[in-house]
Amino acid sequence: MKSVLSDKRAIGVLLGPALLVYTLVMLLPMLWSLGYTFFTGSVLGGFDFAGFDNFVRFWNDPNSGPAVLFTIKYALVVTIGQIVFGYLLALLYTFFLKRASNVVRTLVFFPVVLPTVAVSLLFQKMFEFAPQTGLVNSVLNGFGMDSVDWLGNPATAFVVIAVMDIWRAMGFYGVLLYTGVIDIPDDVMEAARLDGAGTFSLIRRIVIPLSWPVIIAAGIFSINGTLKVFDSIYALTGGGPGSATTPLTLYMYRTAFAGGDYGYGSTIALVLTIMCLLVTVAIFRSTARNSKEFS
Amino acid sequence: MTNTALASPRPQPVRRRRRTRSVLGKIPGWIIVALLLIVFVYPLVWLVLGSLKTQDEFLNNPTWALPENWLNFSNYSVAWESTAHYLLNSVLAVFPSLAICLLIGTAAGFALEVMVFKGRSTLLLVFLVGIMIPGQMILLPLFSVYFNIGLSSTLWPLIITYTATALPLTVFMMATYFRSIPREVFEASTLDGASILRSFFYVALPMMRNAIFTIALVQFFFLWNDLLIALTFTTDDSLRTVQVGLLNFTGQFGVVDYGPTFAAICINVFIILALYLVLNQRVMRGLAAGAVKG
């Protein structure tokens, strides 16, 4: 029996194509990118060997620091927002809407599958300042407040980006966390209620600790996505005003394709990859320690 | 004292009072739900209303005004003229990639989970790395290669790159689905004389139909909504996908032409909405499963 399931030729036929495509189009280019970091130039203009110049340049680049900071700020704010609002949704589904939650769940989930570009353009128009007064400014005017040039200021532009990406994804995290909250055994909740726990202490002492693993899993997934944000910012602000909302991904894209410097672009991409790796490892480490404490 | 004495013979008012209190207590909850629905539905309604307005209405009427002519579909005909071609490109790039990726991804998942050989858990981990790597890490070498072998003016760069970027999650999800099928199933089919390849095509694939469909749906949204890869590899207007086309839509006219822009966004939204109306439960389950397993 073993011999049939370990038939070398069959394994080759089944696994070969996927492995070949994956190696040629993902693994090899990854290593190739690492090689690019020691060169400067592009495919159109030719490459020159540069040694560690790109890394020195990244260290001294006045634009790289803000891009790293923006990436971190965006990832933190949006990840926390997505998880917190997603969790509030999950609680709303479980404890308030209960069986009726399906309709609300389905509606709030819809933006998750909408094209990012479509959502970005919609938000651009909603937060428009001029020539048309957008929806949000109209509401502000209705309350007697002045219009705000949302996308014209770095601080407010960041608010719009964060609001949009939380709006887009919170339905997803609502569903994801809902599965964690609903898995908590009813008798545990019942017992806590009989012991006199109110809704809030029930949530704080029973629901949150018991769904903590799901919260962490959702957090890892979220921060992995937010560190790599590109589509929504590219379509919404294009990194502006100036370069105030430029994350590393966008800075890399600009450097490589508008600036024609593949070597330096790859260096930026490498920094981003290392950040993703570090964050994932750090969260895994801390959760491993936590779950030991719990058990 | 007097209160309880009065209440005990007639318990009904107390119960009624408790019920009104619980109904009153639910009001904040319902306000939250109502706000939630407004925040999630109204922007989309506003978008659709906008797609029926003329440029004049956009600039002179308040933004929440209803369209003056509900049957003004001229924006849609303007938007459709340029969008139709982009839609075709998206279909031509996304569906072949989906088909290839699902076939070879399912086969790889089967090999990694059902078959027995050295180093398969390591290989699964190698595939897993691909989920985490940012796309920016592979774009430049791919661009160089596509440019050098002369694929730059075709849709092939998109098809190849989409297939590869969708592979890791497909392989990983398929492997976890195969884990839930007892290995005896395949042992039995080989005992009956089927080769392992035959069992894959005639036993495993039919059994996995549901799982494959779910993954196809999840990957469809990822690929259809992609901007980064499409933006990088479509150097020519005739190759643009829907997303890149939509992005360039506003630029095309110089001055923002609101009506057609809204209509173009609407067309994009309606396509996804049609799919979502039919398959929403499966989409939600599939995406959540992809996240937990990834």
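# Exercises on a predicted two-chain model

Leaving aside neighbours within four places in sequence, A230(B) is in contact with L158(B), T241(B), Q243(B) and V244(B). The model is predicted. Work through each task, then check the solution.

## Exercise 1: A230(B)

Solution. 
Step 1. Apply the cut-off. A residue is buried if 20 or more other C-beta atoms lie within 10 Å of its own.
Step 2. Check a distance. V242(B) is twelve residues from A230(B) in sequence, and their C-alpha atoms are 9.3 Å apart.

## Exercise 2: two more residues

Task: Are S286(A) and A34(B) buried or exposed?

Solution. 
Step 1. Locate S286(A). This residue belongs to helix α14 of chain A, residues 262–294.
Step 2. Count for S286(A). There are 11 other C-beta atoms within 10 Å. The cut-off for exposed is 12 or fewer, so S286(A) is exposed.
Step 3. Locate A34(B). This one lies in helix α3 of chain B, residues 27–50.
Step 4. Count for A34(B). With 10 other C-beta atoms within 10 Å, A34(B) is exposed.
Step 5. S286(A) and I216(A) are 70 residues apart in sequence, with 9.9 Å between their C-alpha atoms. A34(B) and L247(B) are 213 residues apart in sequence, with 32 Å from C-alpha to C-alpha.

## Exercise 3: chain B as a whole

Task: How many helices and strands does chain B have, and what share of its residues count as buried?

Solution. 
Step 1. Count elements. Chain B has 14 helices and zero strands.
Step 2. Take the burial share. Chain B has 294 residues, and 41% of them count as buried.
Step 3. Look at contacts in chain B between residues at least 6 apart in sequence. Of these, 79% join residues at least 24 apart.

## Exercise 4: a helix pair

Task: Describe how α5(B) and α8(B) cross.

Solution. 
Step 1. Two packed helices are described by the angle between their axes and the distance between the axes.
Step 2. Read them off. The axes of α5(B), residues 74–113, and α8(B) come within 7 Å and cross at roughly 35°.
Step 3. Sort the contact residues of α5(B) with α8(B). They are 18 nonpolar, six polar and two charged.

## Exercise 5: between the chains

Task: How many residues does each chain give to the contact, and which helix of chain B gives the largest share of its side?

Solution. 
Step 1. Count both sides. Chain B gives 73 residues and chain A gives 72 residues.
Step 2. Find the main contributor. Helix α14 of chain B, residues 258–293, supplies 14 residues, the largest share of the chain B side.
Step 3. Sort that side by class. It has 57 nonpolar, 15 polar and one charged residues.

## Exercise 6: the largest nonpolar core

Solution. 
Step 1. Size the core. It holds 156 residues, and A18(A) and A108(B) are among those that touch the most other members.
Step 2. Name the helix. Helix α8 of chain B, residues 156–179, gives the most, with 15 residues.
Step 3. Bring in the domains. The core draws at least three residues from each of domain 1 (1–28) and domain 2 (54–294) of chain A. The C-alpha centres of these two domains lie 37 Å apart.
Step 4. Zoom in on A18(A). Its contacts beyond four places in sequence include I104(B), A108(B), L167(B) and V171(B).

Technical notes:
Residues are numbered from 1 along each chain as its sequence is written. Chains are lettered from A and ligands numbered from 1 in the order in which they are written. This is a predicted model: local features need pLDDT of at least 70, side-chain atom pairs count only at pLDDT 80 or more; totals for chains, interfaces and linings use all residues. Two residues are in contact if their C-beta atoms, placed from the backbone, lie within 7 Å. Helices (H or I, at least four residues) and strands (E, at least two) are DSSP runs, numbered from the N terminus. Ala, Val, Leu, Ile, Met, Phe, Trp, Tyr, Cys and Pro count as nonpolar, Asp, Glu, Lys and Arg as charged, and the others, Gly among them, as polar. Domain bounds come from an automatic or database domain assignment. A nonpolar core is a set of buried Ala, Val, Leu, Ile, Met, Phe, Trp, Tyr and Cys residues joined through C-beta atoms within 7 Å. Axes are lines fitted to C-alpha atoms, for helices over the stretch in contact, and angles run from 0 to 180 degrees between N-to-C directions. A crossing is left-handed if the near helix is turned anticlockwise from the far one by less than a right angle, and right-handed if clockwise.
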